[in-house]
Amino acid sequence: MRLKDTRATWHLAWPIAVGQLASTGTAFIDTVMAGHVSAGDLAAVSVGSSIWVTLIVTMLGYLLATSPMVAQKVGANDTSTISALTQQALVQALILSAIAWIIARLVTPIFPHLGLESEIAQKAVDFLKAISWGLPAFACYRVLYNYSAALKHTKPMMVISVFCLLLNIPTNWILIYGHFGFSAMGGVGCGWATAFCVWVNLILLAAWIFRTRYYQDTHPFRAWQGWQPAVQKQLFKLGVPICIMFFVEVSAFSFIALIISRLGTTSVAAHQIALNFCSLTFMVPMAVGTALTVRVGHAVGAKNFEEARAIGQNGIRLGLFIAIVTGLIMIFGSEWVSSWYTQDQGVLILAGQLIVLAGIFQFSDITQVVSAGVLRGYKVTRVPMMIHMTAFWIIGMPLGYLLTFGTTHYDGLGVRGYWIALIIALTFTALSLQFLFRRTSRKLFLQQQRLNMSEQ
C-alpha cells in the first residue's frame with residue numbers, strides 16, 4: 001500500500017466510519033436491550049427491522065448519487081451549481097421517504113402469516129409502524145451527509161451520530177421499560193426511540209451546515225432555485241442502479257429473517273444477532289468505500305485518471321487489510337460476541353456459528369463494497385447493479401433456500417445454509433467488481449496517456 005495515499009483515504013474515512021458505527025450502534029442497542037426483555041421481543045424487532053433496514057438501505061443507495069456528482073464538480077472546480085444540486089436531491093429524498101413510509105404500512109399484513117406467534121407478529125407490526133416515522137428525516141439527513149462528505153468535511157456527521165447514539169440509550173430505557181410516565185412498550189419502544197433520534201440527527205446536521213462558514217458558498221439552505229428537470233434526471237439516472245444494487249444486497253440478508261421464520265424463534269433471533277454484528281463491522285469498509293468515491297470522484301473530475309486509478313487500487317488493498325482484522329475477530333471470538341446479545345443458550349450457540357461464517361465472507365464482502373465505492377467515483381453504476389442482481393437473486397437466494405430447507409433427498413442445514421450461500425454470492429460479486437474496476441480504470445488511464453502524447 002502507498003502509505004501517503006492510505007493516510008489520505010483514512011483521514012477522510014475514519015470520521016465517516018465512527019459516524020456510521022454510531023448510527024448502526026443504534027440498531028445494536030435496540031437488539032441488545034430488546035433481547036434482554038425477552039426472546040419474543042428480540043424476534044419481533046428482528047422481523048420489523050428486516051423491513052426497516054431494507055427500506056433505509058435502499059434509500060441510502062439511491063441518495064448516494066449526490067456524493068459522486070458533488071465530488072466531480074469539486075474536482076472540476078465547478079462549485080457554483082452544488083447548492084441547486086443538493087436542493088434537487090433533498091426534494092427526491094422527501095418523495096422517496098413518502099413512498100417508503102407507505103410501503104412500511106403495506107407490508108405489515110404479511111407478518112401474522114410468517115409462522116410467528118400472534119403476539120410477536122403484532123409487536124413486529126407496531127415496531128415497524130413506530131420506526132417508519134423516522135424515514136423522512138433519514139432520507140434528508142443522508143443527502144446532507146453525502147453533500148458534506150463530498151466536500152471532504154466528515155467530522156460533523158461523526159460528532160452528531162455519536163451524540164444521537166448516546167441519546168438513544170436513555171430514550172430506549174424510558175420507552176422499553178416505562179419511566180417518567182411512559183408505559184412500558186418492550187421492543188416496540190425501540191422503534192419510537194430510533195425514530196426520535198433520527199430526527200435529532202437531521203436537525204443537528206442541518207443547523208451545523210447552516211451556521212458553519214465552511215459551507216456558506218455551497219449549502220442548500222438558500223433561495224429555492226426551482227425544479228430542475230435536467231438535474232433530477234441526472235440524479236435519477238445515477239441513483240437508480242445504486243438503489244437497486246443496495247436493495248438486492250440488503251434484501252438477501254433481510255428477507256432471510258422473513259423466510260426462516262418457520263424455523264422458529266431461536267433461528268430468527270440468532271440470525272438477527274449475526275446480521276446486527278455484521279452491520280457494525282461493515283461500517284468501516286463502507287466508510288472507506290465512501291471516502292474512495294469522493295477521492296476518485298475528485299480525481300476524475302480533474303481529468304487525472306492516473307491518480308484515480310492509483311487511489312482505487314490502494315483503497316482495495318486497505319479494504320483487504322480491514323477484512324483480515326475483522327475476519328479473525330469473528331472467527332475466533334464468535335462465542336464472546338454472541339454473549340453480548342443474549343444468555344439464551346440455544347440462540348447463543350447458533351448465533352456463534354453464524355458469526356464464524358460471517359467471518360469467512362469478510363474478505364469477499366469488504367472487497368466488493370470498497371470496489372463498488374471506487375466505481376461510483378467513476379459514475380459506473382449499471383454494471384455493478386447487474387452483478388449484484390446475478391449474485392444475490394440468481395445465485396445466493398435460490399441456493400440458500402436449497403441449503404437451508406433441503407429437498408426430499410437432502411436434509412437442510414437450517415439458517416446456516418443461507419449464510420453459506422451468501423459466501424458464494426459475495427465471492428462472485430467481489431471478483432466481478434474487481435475485473436470491472438481494472439477494465440474501467442485502465443481504459444481511462446490509456447486514454448489519458450494517448451491524449452498526453454498527442455499534445456506533446
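# A first look at a predicted model

Trainee: What does the accessible surface of the protein come to?
Mentor: This is a predicted model. The accessible surface of the protein comes to about 18700 Å². Carbon and sulfur atoms account for 67% of that surface.

Trainee: And how many helices and strands are there in the protein?
Mentor: The protein has 16 helices and 2 strands.

Trainee: What radius of gyration does the protein have, and what would a compact globule have?
Mentor: The protein has 22 Å. A compact globule with 456 residues would be near 23 Å, so the value agrees with that. The C-alpha trace spans about 75 × 55 × 35 Å along its principal axes.

Trainee: What share of the residues is buried?
Mentor: Buried residues are 60% of the 456.

Trainee: What about contacts with a separation of 6 or more, how much of that comes from residues 24 or more positions apart?
Mentor: Such pairs make up 83% of those contacts.

Trainee: Let's pick one residue. Where is Ser 83, and is it buried or exposed?
Mentor: Ser 83 lies in helix α4, residues 82-106. Its relative accessibility is 4%, and buried means under 20%, so Ser 83 counts as buried.

Trainee: Which residues is Ser 83 in contact with, leaving aside neighbours within four places in sequence?
Mentor: Ser 83 touches Thr 218, His 219, Pro 220, Arg 222 and Gln 225.

Trainee: Next, helix α5. What should its span be, and what is it?
Mentor: Helix α5 covers residues 118-131, and its 14 residues should span 20 Å at 1.5 Å a residue. The end C-alpha atoms are 20 Å apart, which agrees.

Trainee: Which residues of α5 are buried?
Mentor: They are Ile 120, Ala 121, Ala 124, Val 125, Phe 127, Leu 128, Ala 130 and Ile 131.

Trainee: Changing topic: what is phi of Lys 152?
Mentor: Phi of Lys 152 is about 65 degrees, a positive value although the residue is not a glycine. Most residues other than glycine have a negative phi.

Trainee: Where is Lys 152 found?
Mentor: Lys 152 sits in the loop between α6 (135-150) and α7 (155-177). At 47% relative accessibility, Lys 152 is partly exposed.

Trainee: And what about Lys 303, what is its phi and where is its place?
Mentor: Phi of Lys 303 is near 65 degrees, again positive in a residue other than glycine. Lys 303 is in the loop between α10 (265-301) and α11 (305-332). With a relative accessible area of 56%, Lys 303 is exposed, because exposed means over 50%.

Trainee: Last one: how far apart are the mean positions of the positive and negative charges?
Mentor: The mean positions are 14 Å apart, for 29 positive and 16 negative charges.

Technical notes. Residues numbered from 1 in each chain as written. Predicted model: local features only at pLDDT ≥ 70, side-chain atom pairs only at ≥ 80, totals over all residues. Heavy atoms only, no water. Helix = DSSP H or I, 4+ residues; strand = E, 2+ residues; numbered from the N terminus. Rg over C-alpha atoms; globule rule 2.2 N^0.38 Å. Buried < 20%, exposed > 50% of the residue type's maximum accessible area, 1.4 Å probe, protein only. Contact = heavy atoms within 4.5 Å. Areas by Shrake-Rupley, 256 points an atom, 1.4 Å probe, with all protein chains shown as cover. Lys, Arg positive; Asp, Glu negative; His and termini not counted. Charge placed at Lys NZ, Arg CZ, Asp CG, Glu CD. Expected span 1.5 Å × (residues − 1).
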